[in-house]
Amino acid sequence: QWFEESRNDRDFGDITRFERVENVDALSANLDFTKAWNNRHRVYYGLEAVYNDISSTGLDRNIGTGEAVAGPSRYPESDWQSYAVYATYQYDLSETVLLQAGARYNQFALHATFDTTFYPFPFTTANISNGALTGSLGLVIRPSENWVMSANVSTGFRAPNIDDVGKIFDSEPGSVVIPNPDLQAEYAYNAEIALARVFGEAVKVDVTGFYTLLDNALVRRDFTLNGVDSIPYDGELSQVQAIQNAAVATVYGVQAGLEVKLPEGFSISGRINWQAGEEELDNGEISASRHVAPLFGVVRLQYSTRQLRMECNLQYNGEISYENLNVGERGKPYLYASDENGNPYSPAWYTLNFKALYQLNEQLAISGGVENLTDQRYRPYSSGIAGAGRNVVLSLRANF
């Protein structure tokens with residue numbers, strides 16, 4: 001695969017446009033195999049190789065004259081490699097019990113060359129080479145046709161990529177994220193338990209609880225460059241930040257679902273997700289994690305016949321109060337609403353939506369809908385961007 005991505009930005013009234021272009025050549029190869037015997041044993045195994053070559057250029061163009069001079073690139077010239085071998089074993093202990101175990105070894109490497117023409121980095125290269133062995137063990141029990149119970153423990157890791165190690169960008173007004181060549185992989189240790197039950201032919205209920213411990217979690221924090229905490233970036237003095245390995249972080253939560261079949265083609269279903277997370281700060285204190293979403297869920301009322309399908313749904317997001325907001329996010333009032341004390345917080349919101357599809361014949365179908373029927377003004381958590389207001393969609397689909 002070959003990708004090109006460009007970013008062009010210019011302040012209102014400014015004569016200089018900043019042009020940044022990135023090219024990525026992505027090569028990958030996979031070999032996947034399956035082996036089964038005795039109708040009770042199955043093994044899935046294989047090999048994987050991935051290679052990414054990244055180039056990045058920058059130009060500062062005078063839109064009045066059209067002349068351009070070299071500018072800082074967004075990424076260093078770099079390559080990223082990953083090689084892995086894996087195997088998963090499934091064993092049917094009985095007609096009601098399935099055991100699954102898996103392991104994967106991954107070796108990854110990154111090399112980047114930094115241009116110090118525009119920013120006086122105290123380094124010119126970054127080289128990361130590391131390996132990780134991860135695994136999983138799970139059990140699925142079906143005591144009857146109406147019951148399913150499962151439990152799983154696993155480990156995982158995320159290798160830092162060039163976006164983490166080498167990107168230069170303005171994360172927010174007055175801040176600039178710079179490269180950090182000392183990043184290491186983050187590791188996750190997971191546990192999960194799930195239950196699902198079908199009552200008769202009309203009701204299904206499921207619930208899942210999970211817990212994840214992140215070690216060396218990759219997070220954005222204040223940093224220094226050559227001993228200073230602020231540098232000029234695109235004409236503005238900006239706080240220096242970098243992606244860093246935090247000490248530890250946890251994420252845990254519960255998700256549940258309900259599906260009910262009603263008479264005359266009607267049905268109702270819903271899902272709700274609650275999660276929380278904490279991360280350790282540089283000073284050893286504990287803060288709520290910025291990357292954990294608030295409570296969210298959806299409820300759907302559906303009607304279906306052979307030719308017509310209709311759905312009305314309510315999508316909901318809960319509140320994150322100032323007290324439960326990540327410490328770093330408290331200093332970004334422009335992203336959030338203000339509570340009664342003038343402190344930033346993320347308020348709860350909902351949208352009511354309707355959509356329908358009518359199958360005219362085997363070849364033609366018409367569909368449409370109205371999103372955010374009540375024209376609610378809302379902002380998805382931590383985005384700083386207001387969601388769309390009332391929106392009407394109409395489409396015609398033809399199959400030949």
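## Close-up views of a predicted model

View 1. Strands β17 (266-280), β19 (296-304) and β20 (308-317) each give at least two residues to the nonpolar patch; strands here are DSSP runs (E, at least two residues), numbered from the N terminus. This is a predicted model, in which local features need pLDDT of at least 70, side-chain atom pairs count only at pLDDT 80 or more, and totals for chains, interfaces and linings use all residues. Residues are numbered from 1 along each chain as its sequence is written, and side-chain values use heavy atoms, leaving out hydrogens and water. The patch covers about 630 Å², and L262, F266 and Y350 are among its members.

View 2. I268 counts as partly exposed because its relative accessibility is 35%, between the limits for buried (under 20%) and exposed (over 50%).

**View 3. Here is the largest nonpolar core.** Among its 28 residues, L110, F121, I178 and I231 touch the most other members. A core joins buried nonpolar residues through side-chain atoms within 4.5 Å. Leaving aside neighbours within four places in sequence, the contacts of I231 (heavy atoms within 4.5 Å) include Y119, V176 and L237.

**View 4. Now look at β15 and its partners.** Strands pair if DSSP finds at least two bridges between them. β10 (residues 175-177) runs parallel to β15 over 3 bridges, with S175 partnering Q239. β14 is antiparallel to β15, joined by 4 bridges, and P232 faces L237.

Conventions:
Patch = residues over 30% accessible without salt bridge, like charges linked within 9 Å, V, L, I, M, F, W, Y side chains within 5 Å. Areas by Shrake-Rupley, 256 points an atom, 1.4 Å probe, with all protein chains shown as cover. Salt bridge = Lys/Arg side-chain N within 4 Å of Asp/Glu carboxyl O. Buried < 20%, exposed > 50% of the residue type's maximum accessible area, 1.4 Å probe, protein only.
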